[in-house]
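Here is a brief report on strands, helices and their contacts. Please read it alongside the sequence and the model.

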Amino acid sequence: MRPGNAIEVSHVSKNFKIYLDKGYTLKEKVLFSNRRRFEERKVLNDISFDVKQGEAVGLIGQNGCGKSTTLKLLTRIMYPDSGTIEMKGRVSSLIELGAGFHPDMSGRENIYINAAIFGLTKKEIDKRLDDIIAFSELEEYIDNPVRTYSSGMYMRLAFAVAINVDADILLIDEILAVGDAGFQAKCLNKLMEIKAAGTTIVIVSHSMGQIEQICERSIWIHEGKIREEGLPREVGPKYLDFMGQKQQAIEVKEEERKKEQKEKEEEKCTQKEKEEEEKHEEEVIKSRWGNGDARITDISILDASGKERSVYRTGDYCKLIINYKVNKVVRDVILGIGIYRSDGVRCYGTNTRIDHLNKINLGEDGFYEIEIPHLLLLQGDYILDFTIESGQNLPVDYFTKAKTLKITSAIEDIGVCRVEHTWIIS
């Protein structure tokens with residue numbers, strides 16, 4: 001392996017046999033030999049990537065693209081048909097919920113079994129047992145059979161074991177999607193601690209927020225090949241835009257089907273209507289980061305006197321006014337903002353859904369305002385992103401690097417923002 005690398009994946013391909021039907025007994029195999037028909041499907045097609053020691057990498061892509069297969073190859077649950085995978089150090093994984101758990105054994109007994117699979121001795125497990133149980137928050141149920149556990153309890157126990165084996169490499173497949181919000185936040189914080197300690201992390205997730213929060217790099221896998229890799233805040237929006245256009249195409253196709261059915265019933269169809277529909281499809285394809293149903297047209301940053309400025313002091317009042325044009329009615333709208341330092345560090349992000357401003361629909365051109373009474377960013381240069389999304393985070397207009405902001409300050413605090421506080425010394 002090259003110096004500094006924890007994982008090296010080189011020209012890996014993997015095929016699966018997809019049976020149209022399959023006989024399982026000898027009788028079925030003899031009498032119904034036609035059931036053995038199958039098609040060969042290439043899930044991974046000559047992919048290569050490296051992961052540095054201590055680096056966190058997110059694998060993204062639509063269902064069936066090969067993300068989970070890649071992770072299973074890394075864990076050596078399965079092996080590639082061609083190519084090589086090299087890994088350095090102890091590997092811990094969370095691939096499937098409750099994988100390796102025996103349903104009739106207690107949570108405590110399953111901790112010993114799972115940790116032993118990861119390579120820990122009984123003495124090492126004894127030393128970590130209390131920490132594992134405490135993190136899982138299952139003290140009351142730890143001696144109950146795990147078949148009585150809910151899916152959330154399964155996840156708590158599996159995660160608690162995986163993060164306490166002192167692994168050099170941690171592999172996670174969408175496991176953080178299970179469990180309540182409080183425990184998810186606890187898991188994310190623990191992952192950040194593990195990452196800071198130098199553990200290499202590879203995570204599969206459909207949550208771009210999780211990927212951006214944990215990972216330095218995203219790898220987008222599409223139809224078995226690496227389509228793009230880079231910074232999460234650059235690759236993520238492109239992936240969401242692709243999925244948005246795909247969803248838009250499905251919706252357009254469904255609309256076309258309904259329209260065609262209606263036209264047959266009413267026996268009405270004009271050439272003008274067809275031309276307008278084709279023009280709309282072209283506009284969607286050419287739109288910026290989204291389906292183009294609405295578009296941000298102008299952004300102003302105003303101070304307390306209503307004057308537009310791009311330079312502020314820490315603690316100043318400012319108001320953001322975002323104008324938009326509506327090309328097609330957008331329902332269930334999410335308006336968002338992201339603030340990044342010039343070196344790419346994500347300082348803050350929020351949206352109307354997080355702030356419980358629901359049932360927003362855009363039917364005509366207009367604007368919205370974001371009022372910030374105290375801009376508590378510390379000195380530096382910042383970049384602002386603005387988003388219009390709909391439904392389940394379908395990009396309508398993802399406007400990256402829309403505005404720049406310079407903050408000046410005499411405050412010598414460290415970090416990206418000023419946290420208001422009071423010292424009491426007695």
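Three strands form an open antiparallel sheet in the order β10-β12-β15. Strands here are DSSP runs of E with at least two residues, helices are runs of H or I with at least four, and both are numbered from the N terminus. Two strands pair if DSSP finds at least two bridges between them. β10 (294–302) and β15 (366–375) stand at the edges with a single partner strand each, so one side of each has no neighbour in the sheet. From one strand to the next, the twist averages 20 degrees. Axes are lines fitted to C-alpha atoms, for helices over the stretch in contact; angles run from 0 to 180 degrees between N-to-C directions. Strand β12 (residues 316–326) is joined to β15 by eight bridges, and the two run antiparallel. Asparagine 323 faces phenylalanine 367 of β15.

The model is predicted: local features need pLDDT of at least 70, side-chain atom pairs count only at pLDDT 80 or more, and totals for chains, interfaces and linings use all residues. Residues are numbered from 1 along each chain as its sequence is written, and side-chain values use heavy atoms, with hydrogens and water left out.

A six-stranded open sheet has the order β5-β6-β7-β3-β8-β9, with mixed pairing. Its edge strands are β5 (91–94) and β9 (225–230), each pairing on one side only. Neighbouring strands in this sheet are turned by 15 degrees against each other on average, direction ignored. β6 (residues 169–173) pairs with β7 (residues 200–204) in the parallel sense, over five bridges. Isoleucine 172 stands opposite isoleucine 203 in β7.

Two helices lie across strands of this sheet. Helix α5 (residues 151–162) lies across β5 and β6 and runs at about 170 degrees to β5. Helix α6 (residues 181–196) lies across β3 (56–60), β6 and β7, at about 150 degrees to β6. Contact means heavy atoms within 4.5 Å.

The helix pairs compare as follows.

| Helix pair | Angle | Axis distance |
|---|---|---|
| α5 and α6 | about 10 degrees | 12 Å apart |
| α4 and α5 | roughly 140 degrees | within 8 Å |

α5 and α6 are therefore roughly parallel; angles under 35 degrees count as such, over 145 as roughly antiparallel, 65 to 115 as roughly perpendicular and the rest as oblique. Their crossing is left-handed: the near helix is turned anticlockwise from the far one by less than a right angle, whereas clockwise makes a crossing right-handed. Met155, Arg156 and Phe159 of α5 make the contact with Phe183, Cys187, Lys190 and Leu191 of α6. These residues divide into five nonpolar, no polar and two charged. Ala, Val, Leu, Ile, Met, Phe, Trp, Tyr, Cys and Pro count as nonpolar, Asp, Glu, Lys and Arg as charged, and the others, Gly among them, as polar.

The crossing of α4 and α5 is right-handed. Ile132, Phe135 and Ser136 in α4 meet Arg156, Leu157, Phe159, Ala160 and Val161 in α5. That contact has six nonpolar residues, one polar and one charged.

How many salt bridges does a search of the whole structure find? The search gives 26, each a side-chain nitrogen of Lys or Arg within 4 Å of a carboxyl oxygen of Asp or Glu. Aspartate 81 lies in the loop between α2 (67–74) and β4 (82–87) and lysine 14 in strand β1 (residues 5–19), so the pair ties together parts that are 67 residues apart in sequence.
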